[in-house]
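User: Please give me a close look at one part of this protein. I would like to know what lies around it, and then how some other places compare in their setting.

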Amino acid sequence: MTLEPERKDLMPGLQLIGAEWREASDARRLDVSDPASDGVFASVPDGTAVDARAATDAAHAAFPAWRAVPAKQRAQILKRWNDLVMAHQEDLGRLISREQGKPLAEGRGEVAYAASYIEWFAEEATRANGEIIPAPVTGRRMLALREPVGVVAAITPWNFPAAMIARKIAPALAAGCTVVCKPAEDTPLTSLALVKLAQEAGVPPGVLNIVTASRERTPEVVDAWLDDPRVRKITFTGSTPVGKHLARRSADTLKKLSLELGGNAPFIVFDDADIDAAVEGLMAAKFRNGGQTCVCPNRVFVQSRVHDAFVDKLAARVGALRVGPASDEGSQIGPMINARAVDKIERHVRDAVSRGARVVAGGKRLRDARCDGPNYYAPTVLVNADSTMECSCEETFGPVVPVTRFESEAEVIAAANETPFGLAAYFYSTDVKRIWRVADALESGIVGINEGALAAEAAPFGGVKESGYGREGSVHGLEDYMHIKYVCQGGLA
Ligand code: SIN
């Protein structure tokens, strides 16, 4: 099955700055490789600080006109963008799968997920209402107006190359902001294709700019935006250390920030849970994108009475997962994004085993006729996991399920919260009193109760503690791109 897009011009191989698709200022290129083989199959410009500043110039110049476009017209442009994205679902799905490695069914699914944010924010654009405030004295009118913050720098990750860009750019454009964007160095192609479709939908020149850059050059591109007072907001999805760096570095110009950072999600199965439903929920939450999501369960806690039955069912389901390249329709788990990712997974499993964990499924790299490349890892279940293990303290970001046995509700809540992170948490129980007790006690921005698939454009996505701040999606997703202006008119009595 081919992963080549039919529309070849969806791979422009250039970055968009203002109205012009162009090379990097020094013409250097960045190779894009296929995680299934590590073979290079495309290249994009390796952007520089000069390109980043040119993108800011374009976004800054375009801002006054774009913010003045009536919200309804901005919404219409976004709706056209949504329609074009869905019309190219197959091509975009292929691009995602080729450069990111997820199976094609997931690639196509991600396109629909990305489009759902564009459609949602097209609708929200027309509802950015302000408030009329009852004045405390006569002769005054007092209003709170919502205004776009200005130029937004969007820095996006590789694990959802379409959805993460859509859920940052769509609300920014809906709010009347202009955008400079840098996609992850591993997955620049999908974002270039999305930007091309946005241009076709009628997003005016300068309103949306994209600079592609290698890992080596990313700091100079991002620093050019951090240091520039014209950039009024940074929106970032990625690791907590990088998020902290962005927060520190943007302090001098006091930019608004949305930071969607690392997670360490607990998944708790109480002994009153529907065990089959819990196994299915864990499969959905854990193995989406091969475990390469910030919200996927990283630590699984199972109450003593149901522990063994749960582990048996889970190991059978995990052992049956079909691993292979995205180009094979039968693959359920693709390759990991790159060698660094597989090395980390391997390190976590080795560390867990050395501290007393036992492998009941997987536990090794895969390389055979189907998995013919260096980046495959077998879906893995570990038992006897504990809080000292690296896999319990850091995000593994791979298809590994470490299971810990627990006795009491109080004990498991303490263990679940014993992490600096707080993005997602899941639990399974049929006891209605326990359900609300536990939902209240979990320190996390997102809680799944008897549900493993939580993502939705209408829901606020984001974390607490060191998982960051700001919310994406939902009505709150637009607020993050706006500020409030208080307007008071006196002398009316
Ligand atoms: C992420 O992993 O950062 C996003 C996952 C999602 O949107 O569900």
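**A strand residue and its surroundings**

Analyst: Val302 touches Val269, His307, Phe310, Val403, Thr404, Arg405 and Phe406, residues up to four places away in sequence being left out; a contact means heavy atoms within 4.5 Å. The model is predicted, so local features need pLDDT of at least 70 and side-chain atom pairs count only at pLDDT 80 or more, while totals for chains, interfaces and linings use all residues. Residues are numbered from 1 along each chain as its sequence is written, and side-chain values use heavy atoms, with hydrogens and water left out.

Val302 lies in strand 13. Helices (H or I, at least four residues) and strands (E, at least two) are DSSP runs, numbered from the N terminus. Val302 counts as buried because its relative accessibility is 0%; buried means under 20% relative accessible area, exposed over 50% and partly exposed in between, with a 1.4 Å probe and protein chains only. Although Val302 and Ile268 are 34 residues apart along the chain, their C-alpha atoms are separated by 5.9 Å.

Phe301 is also found in strand 13, which covers residues 297–303. With a relative accessibility of 7%, Phe301 is buried. Apart from residues up to four places away in sequence, its contacts are Pro266, Phe267, Ile268, Val269, Thr404, Phe406, Val412, Ala415 and Ala416. Ile165, by contrast, is 136 residues from Phe301 in sequence and 33 Å from it in space, C-alpha to C-alpha.

Thr48 is in the loop between strand 4 (40–45) and helix 1 (49–68), and its relative accessible area of 5% makes Thr48 buried. A polar atom of the Thr48 side chain lies 3.2 Å from the backbone nitrogen of Val50. Such a polar contact is a pair of N or O atoms within 3.5 Å; within protein, one must be able to donate a hydrogen and the other to accept it, and residues adjacent in sequence count only if both atoms are side-chain atoms. Residues up to four places away in sequence aside, Thr48 touches Ser25, Asp26, Arg217, Glu220 and Val221.

His88 is in the loop that runs between helix 2 (71–87) and helix 3 (89–100). His88 is buried, at a relative accessible area of 13%. Its contacts, leaving aside neighbours within four places in sequence, are Arg7, Leu10 and Leu197.

Backbone angles deserve attention as well. Most residues other than glycine have a negative phi. Phe397 is not a glycine, yet has a positive phi of about 55 degrees. Phe397 is in the loop between helix 12 (390–393) and strand 16 (400–406) and is buried, with a relative accessible area of 17%. Ser474, also not a glycine, has a positive phi of about 65 degrees. Ser474 is found in helix 15 (residues 474–479), and it is buried, with a relative accessible area of 2%.

Finally, there is the ligand. It is surrounded by 13 residues, of which the closest are Tyr113, Arg167, Glu260, Arg288 and Cys294; a residue is near a molecule if one of its heavy atoms lies within 4 Å of it. An N or O atom in the side chain of Tyr113 is 2.6 Å from an oxygen atom of the ligand. For Asn159 the corresponding distance, from a side-chain N or O atom to a ligand oxygen, is 3.1 Å. Arg167 places a polar side-chain atom 2.9 Å from an oxygen atom of the ligand. The protein covers 100% of the 260 Å² of accessible area that the ligand has on its own; such areas come from the Shrake-Rupley method with a 1.4 Å probe, and for residues only the protein chains shown count as cover.
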